[in-house]
Amino acid sequence: MAGIFSGLEKLGLGNIDGGNLFEDPNKKEAAVKKAEPQKKLTLVNEEDYLFDKKYKCPICDSDFESKTVRTGKVRMKSVDVDLRPDYSEVDLTKYDIIACPECGYAALGRYYTSLNKYQIDDIRNKICMNYKKQKYNEPTYTYEHARSLYQLALANAVVKKAKNSEKAYICLKTAWVIRGETQRLDQSEADYDKKKKENDEQEQELLKNALNGFVMARQSEDFPIAGMDSTTLDYLIAALAYETDQFDIATKMISELLTSRTANSRIKDKARALKDLVAAKKQG
């Protein structure tokens, strides 16, 4: 797990160890293909699609602002096989983490205020006491900065002993951020091949962790899980298994979806498309 947390040292959190990132629920312990890299995207002024939203930190009570996308202004052009939405003007996933610049508490928006007393205490003791404040005054987020925010969110999730689904969702969205960066790499740059290879390897590691976490969450958590109903999660698990070449899992989940009495026609259509992708990939 060192790769996922590589770089946290500069935030003073080099002591965070993912270890076994997900907690096994069996142990009692306290459809569209991915878009190909694009040679050149239409230039837009990303700053025009952002605004500063105000937040109050539930850990240290600081008031701060975080960059947020004006969702009504962006257009979704496609959806990847693992449900990642791809927008024309700006990569929304870069801006999904809310992070307090004063104490280092960070989380995805849907989980930001969902904390109990023990989690707050753990974050104060293990994150805030060690966190080194970083200044970031750019009008937009670079992919490097977005990645560091996701690392910080995952570190917080580990410290507060978040549900497997929350940690899996962070891993999934971090993989989406890396994919967005890969799409926007300049193929004319001398280090393009090296950077793409590094990104692809990191994305695969994160997708595998997301798959493991969602499988464990499915066994132990109540729905909705990360905002998904059971059939949507089953499809996502199948898609992640396809992307990481775990074809037995993909085939099993697709079969369950296609014979399900509760899955709607949209999910079944996506499952059929995914079944074709699995068959094609297995053939080489």
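**Notes on the predicted model**

1. Starting at the N terminus, the protein chain reads α-β-β-β-β-β-β-α-α-α-α-α-α-α. That makes eight helices and six strands, where helices (H or I, at least four residues) and strands (E, at least two) are DSSP runs numbered from the N terminus. The radius of gyration is 19 Å, close to the 19 Å that the globule rule gives for 284 residues, so the protein chain is as compact as a globular protein of that length. For the record, that radius is taken over C-alpha atoms, and the globule rule is 2.2 Å times the number of residues to the power 0.38.

2. A word on ground rules. This is a predicted model, with local features needing pLDDT of at least 70 and side-chain atom pairs counting only at pLDDT 80 or more, while totals for chains, interfaces and linings use all residues. Residues are numbered from 1 along each chain as its sequence is written, and side-chain values use heavy atoms, with hydrogens and water left out.

3. On overall dimensions, the C-alpha trace spans about 50 × 50 × 35 Å along its principal axes. Of the 284 residues, 48% count as buried (buried is under 20% relative accessible area, exposed over 50%, partly exposed in between, with a 1.4 Å probe and protein chains only). The accessible surface comes to about 14,900 Å², and carbon and sulfur atoms hold 46% of it; the areas come from the Shrake-Rupley method with a 1.4 Å probe, and for residues only the protein chains shown count as cover.

4. Charges next. There are 47 positive and 45 negative ones, and their mean positions are 3 Å apart. Lys and Arg count as positive, Asp and Glu as negative, with His and the chain ends not counted; each charge is placed at NZ of Lys, CZ of Arg, CG of Asp or CD of Glu.

5. The largest pocket has a volume of about 590 Å³. It is lined by 23 residues, and the closest to its centre are P101, Q134, Y136, H145 and L149. Helix 3 (143-159) gives the largest share of the lining, five residues; strand 2 (63-69) and strand 5 (97-99) also supply at least two each. By pocket I mean an open set of points on a 1 Å grid over the protein atoms alone, where a 1.4 Å probe fits, with protein on both sides within 12 Å along at least five of seven lines; lining residues have an atom within 4 Å of a point. Points are joined across faces, edges and corners, and the volume is the space filled by probe spheres set on them.

6. F64 sits in strand 2 and counts as buried because its relative accessibility is 6%. Its C-alpha is 9.1 Å from that of A99, 35 residues away along the chain. A162, in the loop between helix 3 and helix 4 (164-183), is buried too, at 4% relative accessibility. A162 and L115 are 47 residues apart in sequence, with 9.4 Å between their C-alpha atoms.

7. Some backbone details to check by eye. F223 and P224 are joined by a cis peptide bond, omega about 0°, with P224 in the loop between helix 5 (192-220) and helix 6 (230-243). L83, not a glycine, has a positive phi near 75°; L83 is in the loop between strand 3 (76-79) and strand 4 (85-87) and is partly exposed at 23%. D245 likewise has a positive phi, about 65°, without being a glycine. D245 belongs to the loop between helix 6 and helix 7 (247-258), and its 45% relative accessibility makes it partly exposed.
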